Amino acid sequence: MRVRRAAIPILTMLAFAVPSPAFAVPPPPPKPSDQEVQDSKADRDAKAGKVGELTSKLADAESKLVELQAVVEVKMEDANKALVDLDTARDVAAKARADAAAAKQEADASSAAIEKVHKDVDDFAAASFRQGSTVGSMTAFFGATSPKDLLDRAAFLNAVSGSQLDALDRMQRARVEQANKDSRARAALNLAAEKQAEAESAKRAADRATAIAEQARRDQAGEAAQIEAFREQTEKELAEAQAKVGGLESQLQRYQEWQRAKQREDEERAKAAAAAAQRPGTGAKPSRPAPGRPPISGGAAAVVIARAISQLGVPYAWGGGNANGPTRGIRDGGVADSFGDYAKVGFDCSGLMIYAFAGVGIKLPHYSGYQAKAGRQLPLSQMAPGDMLFWATGGRIHHVALYIGNGQMVEAPYSGSRVRITSVRYGGLVPYVTRLL
């Protein structure tokens, strides 16, 4: 009895294991005709050609915008260089003015001293003339006790008159030297003033050029807006073309899949059972690791890169940044002013380099053109983390960034942006890196 009772559930379980009609393949989906498929392919090819044409136009438009941005950056860097040169010229002029003032004061003091000695000599000569001798005054002989005493007094008076004349001669020579020194100081002052005037003129010219470049970019603002709208329309047309091209092909694919499913019904049932058994539970799915920053090697390069990366997200401010960190930007009379950089605390491209390399005791000028010459220039093929990269237009350097490895760099890009990590841009990149470490 126990054996029979035990066999009933087993048979029941075997019966339930037989595939049910519910596993049967559903009715076939509609099958597109050959003509529909051909029409779909023709439409796809036409859309693909249109997409290619629109992509080419977008590339040309974006290239024009990049060129305009590069021109503006060149002019802004020219203004930056002119500002650095002007500050240097002003410092030299200030020192020249101080030297000239000191030289004039010394010359005036020498003249006053000479006038005093000259007066003393004149008084001595007048007294000698009145007494009819060259020894100053006959009263000097009164009270002599002996002929020898009288001779000693005469010798003494002669020595006094001679020393006065010698002193006058020495002071006159000193006055000539002081006059020469004063003349040289004034010449240096004039030269410094000329250099300052030239620097001020260069700054004004750079400001005018920047304003002209900015005006050109403003003139292109309308075209840029049209380009952006053109881009959006292109993307929309591309999406529509892809959807239309894929429509009938997807339908045909579904029909073909149905055919294969019908032919392998038993296999599909087994696959469905296996899929049910292998379906994942409620456990957490492994997440894709977030892209991280490239590894930083040890040494001075690591310090420089770490300092630059520590400023990610800091606003761009033209003229901003020094060895201690971000500073308030300055006015440029054009692009930077339109973005309010003078009211922001942040970095420009060369200011970020100043801060990064200050961490290893390297002092850089606040001008990318000078920074490019601050170290060894090596081919791009030898690019290594910690090297500086430069961009130029027409041979004029206008931007700098720090290479951090894995094809990435950190930079302060342009007004309205923030310090960021991005892939190295090879358009306009000069064919060398500058290595300071």
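Which residues of helix H6 (residues 300-309) are buried? Before the answer, a word on the model: it is predicted, so local features need pLDDT of at least 70 and side-chain atom pairs count only at pLDDT 80 or more, while totals for chains, interfaces and linings use all residues. Residues are numbered from 1 along each chain as its sequence is written, and side-chain values use heavy atoms, with hydrogens and water left out.

Now to H6 itself. Ala 301, Ala 302, Val 304, Ile 305, Ala 308 and Ile 309 are buried there, where buried means under 20% relative accessible area with a 1.4 Å probe, protein chains only. Helices here are DSSP runs of H or I with at least four residues, strands are runs of E with at least two, and both are numbered from the N terminus. An α-helix has 3.6 residues a turn, so residues three or four places apart point the same way. The cover over the buried residues of H6 includes helix H8 (349-358) and strands S5 (396-405), S6 (408-411) and S7 (420-423).

Gly 386 is buried, with a relative accessible area of 3%.

Phe 357 and Leu 402 turn up again in the largest nonpolar core, which has 38 residues; together with Met 353 and Met 388, they have the most contacts inside it. Such a core is a set of buried Ala, Val, Leu, Ile, Met, Phe, Trp, Tyr and Cys residues joined through side-chain atoms within 4.5 Å. H8 gives the largest share of this core, seven residues. Beyond its neighbours within four places in sequence, Met 353 touches residues including Met 388, Val 400 and Leu 402. Apart from this core lies another, of 10 residues, with Tyr 403 and Val 433 among them.

Finally, take a look at helix H3 (residues 147-219), which holds Asp 182. Asp 182 is buried, at a relative accessible area of 12%, and leaving aside neighbours within four places in sequence, Asp 182 is in contact with Ala 100, Ala 103, Lys 104 and Ala 107.

Definitions and conventions: Buried means under 20% relative accessible area, exposed over 50%, partly exposed in between (1.4 Å probe, protein chains only). Contact means heavy atoms within 4.5 Å.
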